Amino acid sequence: MPAPVSKPDDPALLRIDGPIATITLNRPAAFNSINLAIAQRLEQLAAYLESANDIKVVVLEGEGRAFSAGGDLQTIGAAAEAGTVTPVVGELLKHYHAFIEIVRRMPKISLSSVHGSAAGAGMGLAFVTDLCIAAEDAKFTPAYAKIGVSPDGGSTVGIVGTVGSRRALQIFLSEDNFTAQRAYEWGLVAKVVPAADLKAATRQLAERLAQNPPAAIAGTKSLVYQAATTPVKQQLDAEEHKIIMAMNTDEFRTAVKKFTSKSK
């Protein structure tokens, strides 16, 4: 499958540099809020990246002053007034949730790089990726309860598995917003850096992650995500299967030779 071509006015842009792909949310005038166009584009880009064997790390970032303000409330509000919420939001989430499913299952590491505001589904997007790096000035805003709705867009998928149910209830129902430092303390953010250093720090972390062999990335990611809901015997069998698969790769054989030669 050929790489999708990005045009400057696309709602999401794709840039590939070696083993690292960067998806940039590109609706800066709307603070990268998520509408149908951006959801469809994200699904398209993710489908390509899932099948691109040379890509090891996928970075998600936002253009302009915010990472993402969440769902496009102008579109959703208009649908609510017109009585068409069910088909309008249903179609949007069909594509957006398909994108999230791909991000969670693809045998690559996904890394969100967050600056400015990440609100609602934008907050969910920041934490549904495998890892998150954030600028010191980043602010996370649950937003759902304030407008009388429950979380969507993968918000419970990424957050509950990290912080647990009680902390998740606190985040969604009693937190107006929280800082990048607080998110780091809760385990939602892997690293907090000065805003001016975010781009460089993101690249450095992505390059570090890309040093892992593909089999190690794919096996580790699938095992970690299934561990919480898989019976012990089934999880152990999966561990055995994944590690034997990895041990049958050239990367493993080379690494073992290098290690054993040092220990002699």
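Predicted model: local features only at pLDDT ≥ 70, side-chain atom pairs only at ≥ 80, totals over all residues.
**Entry 1: helix α1**

I began with what the buried residues of α1 pack against, and found β1 (12–17), β2 (20–25), β3 (57–62) and α3 (85–105). Residues are numbered from 1 along each chain as its sequence is written, and side-chain values use heavy atoms, with hydrogens and water left out.

For the labels, I took helices (H or I, at least four residues) and strands (E, at least two) as DSSP runs, numbered from the N terminus. Buried means under 20% relative accessible area, exposed over 50%, and partly exposed in between (1.4 Å probe, protein chains only).

I then listed the buried residues of α1: Ile38, Ala39, Arg41, Leu42, Leu45, Ala46, Tyr48 and Leu49. The helix covers residues 36–51, and its 16 residues reach 23 Å from first C-alpha to last, close to the 22 Å expected at 1.5 Å a residue (the expected span is 1.5 Å times one less than the number of residues). At the N-terminal end I found a cap: a side-chain oxygen of asparagine 35 lies 3.3 Å from the backbone nitrogen of alanine 37.

**Entry 2: threonine 24 and glutamate 61**

Next I looked up a pair of residues, threonine 24 in strand β2 and glutamate 61 in strand β3. Threonine 24 counts as buried because its relative accessibility is 5%, and glutamate 61 counts as buried at 9%. Their side chains are joined by a polar contact of 2.7 Å (a pair of N or O atoms within 3.5 Å; within protein, one must be able to donate a hydrogen and the other to accept it, and residues adjacent in sequence count only if both atoms are side-chain atoms).

I also checked contacts (heavy atoms within 4.5 Å), setting aside residues up to four places away in sequence. Threonine 24 touches residues including Pro11, Leu13 and Arg15. Among the contacts of glutamate 61 are Arg15, Phe67, Ser113 and Lys199.

**Entry 3: strand β4**

How many residues of β4 (residues 109–114) are buried? Six of the six, so I noted the strand as largely enclosed by the rest of the structure. Ile109, Leu111 and Ser113 point one way, while Ser110, Ser112 and Val114 point the other.

For pairing (at least two DSSP bridges between two strands), I found β3 and β4 parallel over four bridges, with valine 59 opposite leucine 111. β4 also runs parallel to β6 (residues 131–135), joined by four bridges; there, valine 114 has alanine 134 as its bridge partner.
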